[in-house]
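Reader: I am new to protein models and would like to learn how to look at one. Could you walk me through this one?

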Amino acid sequence: MADRDRDWDWHLRTLSSSARDSNVANDPASDSSLLQSVKKLYELCKAENSEDLVARVYPQINKLFQRSVASLSQSRTSIGLLLLAILQFYLDFGERVLHDADPSLRTFFRSCLSREFADPVVAEATIDFLNANKKKLLTSFPTLLPQFFPLMLKLIAWNGEKLEKSFMKVFSGLMSPGSFLPLFPSLVDLPILVVALEKVEKSSGSLVGNSIASMQKSTAPEMLLALMDEAYTGSTIGDGGGDSESEDSSTIDVADPLFLDLLKDENDGIAERHWTSPGMAAALQAAINTPQSDRLKHILRMAPQFLDVYFSIALRDVNNSLVCALIPLLMSRNATIFPDKIYSYEKPIMDRLGEAYDSPEKTELALQLCWAIGEHGGGGGSHKDEARELFEGLELLLYENLASSRLGLGQQSVFSSDSQTSRKSSQSRLLCFVVTAIAKLATNHRELLPRARVSLGKVARSRISDVRVWRRARDYLGLMTEPAISLSVLGPSRPSHGQMQNPGTVKWSDGATKMIAHVPFYILGGQEGPPFHDFLFSDTLPRR
């Protein structure tokens, strides 16, 4: 007990005296004994479980945290480990001393980790800290990780596969309603992020201890100009060749949106990424023409695994409106994938709908996407542009498969008749999904009805070998002539604020004022010809 008291007093005096030493006060991390004292005091507080001891330690630890944060810009030593040790004290004992850890946690991410994410020791300690406190962070500070997911992606992009397993345990914490959509393009663009970070390091030196935000302000024009020069001339700015004039660099904006978005630390929503800009074109071209770094190879392998987890969580936990909003984003990223064949192959979700006949796997993916488009109405009534783009993709898929049985025809000769039958069945199934999605999309977005009638009319007149396909198209054409019935059968799967009618039901009480008399009975139980009843609809409709 006496030895423990002596240790206690000694570590407490160490913290107190550090404030009086000018050298240590201006750079607390330079004194390694401070980290050991903080850890020892934390262990003693944990072991004693004494509020009195916690109350005595807290003021000194809190002052040390404030001094450490204030010294970040001048510090020559990594301070991340010291701040993490103090944050652990805040999380475990903050309630006893009425300390809200949320501002301290955000200060760590914003002021410290943004400078030290490239330090492998700090990066590993940060991931371990997040895993150890995952439950408390998600319950008490649910917006913390979603806000700083871009910074966390920079951390894993730079530190590679060593932290992959431990980072995967934290990954789900990055997702929230506010980060779900912005997170997707950031995951897809992890290889581009690595390229950008490597270019920053090449142009401005080590990333450890430097704030990329401040480096961007002074070096972004040179970085982009170097990328363009490397891509189009095979040289770099550093080569010193050519008669480049100073006015050339002025054509690149200091706040280039490409780099500002790629290298940001916090989630600020979905920003428009200028994939057609010279900077991006140059970055992609340079990545193709130069050997891949080990770091880039690692992230090309890891990114698809992160996307797998992302989609698994999306299908299990995310509400339908967000999933619906994700679909146009999926389609828009079709042509903007990092140009690596293996990387693109690892993410079949990115393949075009029009390539559905390339393989059974892509056919199955197209089926699921068609279902999602029809089920969620292309984003709802407020997403007309996205719905039009999705409709055009469905049209393309329909016409390509309608024109010829392209599903595996190139290899017909080497397959048995059973295999050919299976492929034909798969194509028929795909066409049924596409026809249904077109009808549903046009029902939700009535401006697409004329085009839908043309598309379905072609299918109905085609009389292809599978009667199910052209008969379904004919049925939907009949449905679409009766808006009330069509909305009932093909409308949204869930009532919206503007449409309170559930699918699969007809509001007969509206029959006196709406045109619902010509019910296409041939879609009910496969009945064709005249109705089998002998009563009039006017007998069943309420009169006012």
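Reader: Which residues touch the most other members of the largest nonpolar core?

Author: This is a predicted model, where local features need pLDDT of at least 70 and side-chain atom pairs count only at pLDDT 80 or more, while totals for chains, interfaces and linings use all residues. Residues are numbered from 1 along each chain as its sequence is written, and side-chain values use heavy atoms, leaving out hydrogens and water. A nonpolar core is a set of buried Ala, Val, Leu, Ile, Met, Phe, Trp, Tyr and Cys residues joined through side-chain atoms within 4.5 Å; buried means under 20% relative accessible area, exposed over 50%, and partly exposed in between (1.4 Å probe, protein chains only). Among the 102 residues of the largest core, the ones touching the most other members are Phe89, Phe109 and Tyr310.

Reader: Which helix gives the largest share of this core?

Author: Helices are DSSP runs (H or I, at least four residues), numbered from the N terminus. The largest share is 11 residues, and they come from helix 18 (residues 294-317).

Reader: Where does helix 18 bend?

Author: The bend at a residue is the angle between axes fitted to the seven residues ending there and the seven starting there. In helix 18 this angle is about 25°, and a proline, Pro304, follows within four residues of the bend. The place to look at is Met302.

Reader: Which residue forms a salt bridge with Glu161?

Author: A salt bridge is a side-chain nitrogen of Lys or Arg within 4 Å of a carboxyl oxygen of Asp or Glu. Here the closest N and O atoms are 3.0 Å apart. The pair links distant parts of the chain, 140 residues apart, with Glu161 in the loop between helix 10 (149-159) and helix 11 (164-171) and its partner in helix 18. That partner is Arg301.

Reader: Is Glu395 buried or exposed?

Author: Glu395 forms a salt bridge with Arg451, with the closest N and O atoms 2.5 Å apart. Arg451 has 31% relative accessibility, so it counts as partly exposed. Glu395 is at 12%, so this residue counts as buried.

Reader: How many disulfides does the count come to?

Author: A disulfide is a pair of cysteine sulfur atoms within 2.5 Å. Cys45 counts as buried because its relative accessibility is 0%, and Cys324 is buried too, with a relative accessible area of 6%. By the sulfur rule, the number of disulfides is 0.

How values were computed: Helices (H or I, at least four residues) and strands (E, at least two) are DSSP runs, numbered from the N terminus.
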